[in-house]
Amino acid sequence: MHINHDAGAAAAPEIAFDDFLRVDIRIGTIVEAEPFPEARKPAFKLKIDFGPAIGIKRSSAQIVARYALEELPGRQVAAVVNFPPRQIGKFMSEVLTLGFADEAGEVILFAPDHAVPNGSRLF
């Protein structure tokens, strides 16, 4: 499912700008985080508020190596909100929470460095 996380990897094939516009990346605030012990790879279950137009969506995120549950609520994150829901074990993940791999290959969440309104779209 995942692409090559190697920082030295070549760029992906060129796409048209219209292809980029089809991917709807929004900012939301994590309102709830809980353990996901049933996941094959260590993960948390997140509920993220994307504002009134999109609402609260659920996501499974493999971020347990770098984040504690108690530090996640209130944190803003970026996510793709227009992929179809994906069944992960008994959990339905509705959005893809975005991050980058650090030197050890662990996920670091992608987020704005200043607060922005929930539902703001990446452009």
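**Notebook: rings, sheet and cores**

I started with helix α1 (residues 17-22), where F17 and F20 sit three residues apart, which means about one helical turn between them. I take helices (H or I, at least four residues) and strands (E, at least two) as DSSP runs, numbered from the N terminus.

The model is predicted, so I kept its limits in mind: local features need pLDDT of at least 70, side-chain atom pairs count only at pLDDT 80 or more, and totals for chains, interfaces and linings use all residues. I number residues from 1 along each chain as its sequence is written, and side-chain values rest on heavy atoms, with hydrogens and water left out.

**Aromatic pairs**

How many aromatic pairs does the structure hold? I found three. F17 and F20 make a tilted one, with 5.8 Å centre to centre and 40° between the planes. My cut-offs: rings of Phe, Tyr and Trp (its six-membered ring) pair if their centres lie within 6.5 Å; planes under 30 degrees apart are stacked, over 60 edge-to-face, and the rest tilted.

I then looked up accessibility (buried is under 20% relative accessible area, exposed over 50%, partly exposed in between; 1.4 Å probe, protein chains only). F17 is exposed because its relative accessibility is 57%. F20, at 29%, is partly exposed.

F100 and F110 form an edge-to-face pair, because their planes stand at 80°, with ring centres 5.4 Å apart. This pair links distant parts of the chain, 10 residues apart: F100 lies in strand β8 (residues 99-101), and F110 in the segment after β9 (107-109). F100 is exposed at 54%, while F110 is partly exposed at 31%.

**The sheet**

Next I traced an open sheet of five strands, β3-β2-β1-β4-β7 in order, with antiparallel pairing. Strands pair here if DSSP finds at least two bridges between them. Which strands are at the edges? They are β3 (56-61) and β7 (96-97), and each pairs on one side only. Strands β1 (residues 25-35) and β2 (residues 44-49) run antiparallel and are joined by six bridges. I noted E32 opposite K47 in β2.

**The cores**

I looked for nonpolar cores (buried Ala, Val, Leu, Ile, Met, Phe, Trp, Tyr and Cys residues joined through side-chain atoms within 4.5 Å). The largest has 15 residues, and L46, I48, I63 and L72 touch the most other members. Strands β1, β2 and β4 (76-80) each give it two or more residues. The largest share is three residues, from β2.

Beyond four places in sequence, the contacts of L46 (heavy atoms within 4.5 Å) include I30, A33, A61 and L72. Another core lies apart; it has five residues, among them I25, I27, A78 and V80.

Is V80 buried or exposed? It is buried, because its relative accessibility is 3%. V80 sits in strand β4. Leaving out neighbours within four places, V80 contacts V23, D24, I25, V95, L96 and L98. I also checked V80 against T97: they are 17 residues apart along the chain, with C-alpha atoms 6.6 Å apart.

**R26**

My last entry is R26, in strand β1. Its side chain makes a polar contact with the side chain of D24, at 2.6 Å. Such a contact is a pair of N or O atoms within 3.5 Å; within protein, one must be able to donate a hydrogen and the other to accept it, and residues adjacent in sequence count only if both atoms are side-chain atoms. A polar atom of the R26 side chain also lies 3.0 Å from the backbone oxygen of G119. Setting aside residues up to four places away, R26 touches F50, I54, S120 and R121, among others.
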